[in-house]
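Open the model in your viewer and keep the selection panel at hand. We will go stop by stop.

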Amino acid sequence: MAGILVFGEVQYGAISAVSGELLAAAGKLADEGVDGGISIAVMGDDLSGVTAAQAPGTDHVITISHPSLKDGGTGGYDAPLLAAAALAESISPDVILFAKSDFGAVVGPGLAFKLGVPVAQDCIDVAVESGTGRVTVTRPVFGGNALAVYGFDGDNVQITTIRPGVFDPIEGEGSGLIEEFDASGVVSGARTTLVETVVQESEGVRLEDADVIISGGRGVGGPEPFELLQELADILGGAVGASRAACDAGWVDHSYQIGLTGKSVKPTVYLSIGISGASQHMAGLSGARNIVAINKDGDANIFKSARFGVIGDWAKVLPSFTATVRDLAG
Amino acid sequence: MRLALRIAVCVKQVPDPETPASAFKVDESVNRVVPAPGVPPVVNGFDLHAVEAALRIKDAGDAEVIVLAVGNDFVMDVMKKPLSMGADALVLAEDLVLDDLDAVSTVNVLAAMIEKSGPFDLILGGRQASDWDQAHVPLGLAEKLGLPCVTLARNIDPGDGVVRVERALTDGYQVVEAPVPVVITVSNELGEARYPTLRGIMAASRKQPERLTLDDLGLNAEALKPALTLRRLFIPESESQVELIEGEDEADAGRKLALRLRELNLI
């Protein structure tokens with residue numbers, strides 16, 4: 001078998017939105033000439049809620065169920081990697097796509113090294129090169145200051161992880177075949193053990209799903225202002241985010257972090273307060289449609305990407321902004 | 001009493017990621033980054049978190065911390081920082097052909113260094129390097145050495161033959177156990193890397209790195225061919241189209257900003 005194998009992920013028992021983004025990337029490659037169809041594989045300890053309808057555009061939905069693949073196999077490393085390698089060897093795809101997520105950022109490269117082939121991490125575009133039919137990828141490098149285009153030469157399987165929030169998830173309902181892949185023989189060889197997963201999700205709207213995000217950085221100066229940000233987010237039905245500097249300073253938990261090593265978000269409005277806009281932070285905003293910046297430094301990098309901005313002291317700008325928003329909300 | 005752990009920490013010299021975007025230049029004719037004049041390189045930030053993780057283990061018990069790096073044009077004041085933080089030794093593989101290696105080749109060189117300087121109980125590295133942001137050399141190293149790997153550690157607790165790692169997730173953390181030897185990547189959630197003390201700096205100034213050549217490592221240039229071909233490297237164009245909202249004072253600007261966003265139905 002050739003074609004494209006997507007390693008999807010399961011959230012709340014069903015194939016997740018980020019998997020839909022991968023299927024969109026796979027669809028683009030198929031449109032541009034990668035033959036052989038699209039399959040999606042998911043792992044977990046209980047995949048009874050997974051259906052073919054959740055994976056539009058695919059010919060096969062492959063479930064890999066095993067107790068050691070609990071929590072989608074994010075923690076164990078060894079077990080999901082062994083399962084992925086067994087599946088890849090069994091169906092020999094031309095292209096394998098992962099999300100650059102807690103799961104894919106680890107299992108993707110691990111699989112590539114296990115198979116002795118290259119991998120391109122954190123890609124924001126994929127394409128098929130005319131002539132060779134091989135895949136090329138575009139990935140931000142140097143913290144997003146530059147873009148690099150890579151080609152997969154030779155004829156090995158081409159493994160790529162895709163940055164979440166860049167492709168729009170594919171829509172519709174799938175009607176492929178659903179089948180179980182038995183990996184129990186290989187995953188029993190796992191050396192690492194997942195003891196427990198502790199979820200510390202912030203209350204309210206998830207950052208990844210939020211349509212409005214109010215985000216604070218080093219410039220807000222301490223933990224207290226985040227209460228004001230939360231107040232505004234509550235009025236707008238949005239979520240609060242932060243730059244890495246604010247998280248590393250301990251003002252908010254790291255689960256608030258947006259950027260290259262934090263979350264990738266795609267709100268309609270991203271209101272950044274006291275964030276300079278270093279490229280590592282902007283890397284999490286590829287999918288943000290309207291960046292609004294409040295910063296006292298008019299030369300701050302954030303204004304280069306912002307659609308609207310106020311140059312000024314956030315402590316004076318934000319209260320009247322919030323009051324006006326509250327009035328408008330009636 | 002526990003025997004002394006031997007810990008290898010893999011670090012990388014990178015261009016300072018705090019270099020202002022305006023000073024960041026690319027020579028598109030050769031697909032290379034042009035170093036910003038007058039801006040010295042640094043040890044990759046996440047790698048310093050890995051050094052910190054190793055030093056915390058050393059603080060808590062008996063451990064020997066050996067720092068390994070692969071590259072070209074090392075700046076010794078920069079590369080000695082882990083020593084001045086408290087690491088015991090520095091081993092450098094430095095060669096012209098080791099300039100800007102890709103991940104697969106870096107894995108090949110580091111694996112040879114680890115085999116030569118080992119055995120190690122723990123092999124640590126940062127979660128990713130701030131230059132090429134690939135985040136997969138340690139994963140490759142684990143495969144090459146036939147060891148398990150745990151990524152994104154925010155705490156490492158070595159026990160008897162087993163290491164317990166708290167692994168940072170985007171929403172929370174996981175507790176993972178792995179047998180030693182094991183490869184572990186470290187994330188910034190571990191906490192800030194310590195500053196070198198004056199005593200540490202003095203001690204580091206007296207230490208000389210061990211330098212290895214490709215010959216010493218039994219490698220040749222053939223093992224260092226890039227696995228992916230870099231077709232193009234460029235700085236994306238960004239035209240600033242920001243609409244700056246002004247008012248009588250800052251509070252007025254805040255009010256007008258809200259009205260403008262409402263006018264466009266954005267809020």
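How many residues of chain A are in contact with chain B? Select both chains: 75 residues of chain A are in contact with 66 residues of chain B. Contact here means that the C-beta atoms, placed from the backbone, lie within 7 Å.

Before moving on, note that this is a predicted model, where local features need pLDDT of at least 70 and side-chain atom pairs count only at pLDDT 80 or more, while totals for chains, interfaces and linings use all residues. Residues are numbered from 1 along each chain as its sequence is written, and chains are lettered from A and ligands numbered from 1 in the order in which they are written.

Next, select helix H9 of chain A, residues 314-329. With eight residues, H9 gives the most to the side of chain A that touches chain B. Helices (H or I, at least four residues) and strands (E, at least two) are DSSP runs, numbered from the N terminus.

Click Thr197(A): the bridge partner in S11(B) is Gln174(B).

Last stop: an open, antiparallel sheet of four strands, ordered S8(A)-S9(A)-S10(A)-S14(B). S8 (125-128) of chain A and S14 (229-234) of chain B are at the edges, each with a single partner strand, so one side of each has no neighbour in the sheet. S8(A) pairs with S9(A), residues 135-141, over four bridges. There, Val126(A) has Val137(A) as bridge partner.

Terms used: Contact = placed C-beta atoms within 7 Å. Pairing = 2+ DSSP bridges.
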